[in-house]
Amino acid sequence: MFPHKILIATLAMTMAITIPAAAFAQQPPVSAPPPVKVNVLNVCSPSADEQKELSSVLAKVPDKPAFSKDYEVSRGHSTLDPSTPIPGMEPLPPGAVSAADWVRVRREFPDATLFSNVQYSFSVDATNMVETLALRVRDPKDLMQVSIEDSASAVVSATAMLSTSTPVSRVKLEHFGKASVVLARCGGAEGNPTTDQSAYEPIFHAASSIMERYRDALGARKMVPQELAHLGVKTSTTTTTKAAGSKKNP
């Protein structure tokens with residue numbers, strides 16, 4: 001081979017090696033994954049400022065609500081898919097089935113009020129009955145929604161639960177763009193003493209009073225058993241309810 005042809009062949013091989021390397025060097029560096037921000041809610045012992053906010057918001061809930069003509073009542077049966085993980089909930093054992101029957105009613109507030117609507121829901125599964133009252137703010141610049149929840153275990157009758165004053169077990173304020181404020185009844189974990197929540201009883205009492213008033217205002221005592229009966233749920237018995245607020249996980 002002639003010397004100039006050897007030189008040309010050598011240059012071609014060198015370019016074949018260096019060009020991909022140069023192209024690889026020009027690739028943008030792989031960016032690190034964004035940091036994950038985790039908000040830990042102190043639901044058993046909220047701070048003094050959080051207690052003040054909880055009390056302030058609950059005081060703004062109308063004592064004697066007046067509703068517009070618009071409303072919605074629905075009922076249904078929902079089954080939890082064991083293969084679908086739910087954040088904060090332990091997975092079901094293989095082959096287990098979890099299902100619940102529920103009733104929901106929504107009413108609208110007049111335009112001049114702080115809240116736009118209220119939604120009450122009652123659900124019952126094999127072991128628990130849960131009431132939830134959610135009031136949505138009309139202009140959610142900061143506060144979006146306040147929700148109040150109570151529950152009972154070993155209950156076989158919706159009528160029995162609705163005829164008693166089940167203490168509220170959880171109060172939650174949902175904010176726009178920042179962490180929620182939550183107060184929940186907390187029992188002592190196994191081997192640990194029960195959490196002293198006596199300082200928060202005024203908040204629990206105010207929330208329980210709201211649940212009582214809105215249960216009446218929405219006609220839940222009569223409506224829920226009637227709607228559950230359409231789903232084949234037993235709604236009348238003399239069995240005494242057992243409040244589960246102190247045993248509910250926050």
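Is Arg213 buried, exposed or partly exposed, and what is its relative accessible area? Select Arg213 and show its surface. Arg213 is partly exposed, at a relative accessible area of 25%. Keep in mind that this is a predicted model.

**Stop 1: Arg213 and Asp63**

Now color by secondary structure. Arg213 sits in helix α4 (residues 201-217), while Asp63 sits in the loop between α2 (48-59) and β1 (71-80), so this pair ties together parts that are 150 residues apart in sequence. Check Asp63 on the surface as well. Asp63 is exposed, with a relative accessible area of 53%.

**Stop 2: Arg215 and Glu131**

Next, select Arg215 and Glu131. They form a salt bridge, and the closest N and O atoms are 2.6 Å apart. This pair also links distant parts of the chain: Arg215 is in helix α4 and Glu131 is in strand β4 (residues 128-137), 84 residues apart. Hide the surface here, as both Arg215 and Glu131 are buried.

**Stop 3: Arg215 and Glu212**

What separates their closest N and O atoms? The distance is 2.3 Å, and the pair forms a salt bridge. Arg215 and Glu212 both lie in helix α4, three residues apart, about one turn of the helix. The relative accessible area of Arg215 is 0%, so Arg215 counts as buried, the cut-off being under 20%.

Side chains of opposite charge can pair when their charged atoms come close. How many salt bridges does a search of the whole structure find? The search finds 13.

**Stop 4: Cys44 and Cys186**

Where do the two cysteines lie? Cys44 lies in the loop between α1 (3-25) and α2, and Cys186 in the loop between β7 (181-184) and α4, so the pair ties together parts that are 142 residues apart in sequence.

Display the torsion about the S-S bond. For Cys44 and Cys186 the value is about -95°, so the disulfide is left-handed. Bring back the surface to finish. Both Cys44 and Cys186 are buried.

Note on methods: Residues numbered from 1 in each chain as written. Predicted model: local features only at pLDDT ≥ 70, side-chain atom pairs only at ≥ 80, totals over all residues. Heavy atoms only, no water. Salt bridge = Lys/Arg side-chain N within 4 Å of Asp/Glu carboxyl O. Helix = DSSP H or I, 4+ residues; strand = E, 2+ residues; numbered from the N terminus. Buried < 20%, exposed > 50% of the residue type's maximum accessible area, 1.4 Å probe, protein only. Disulfide = S-S within 2.5 Å.
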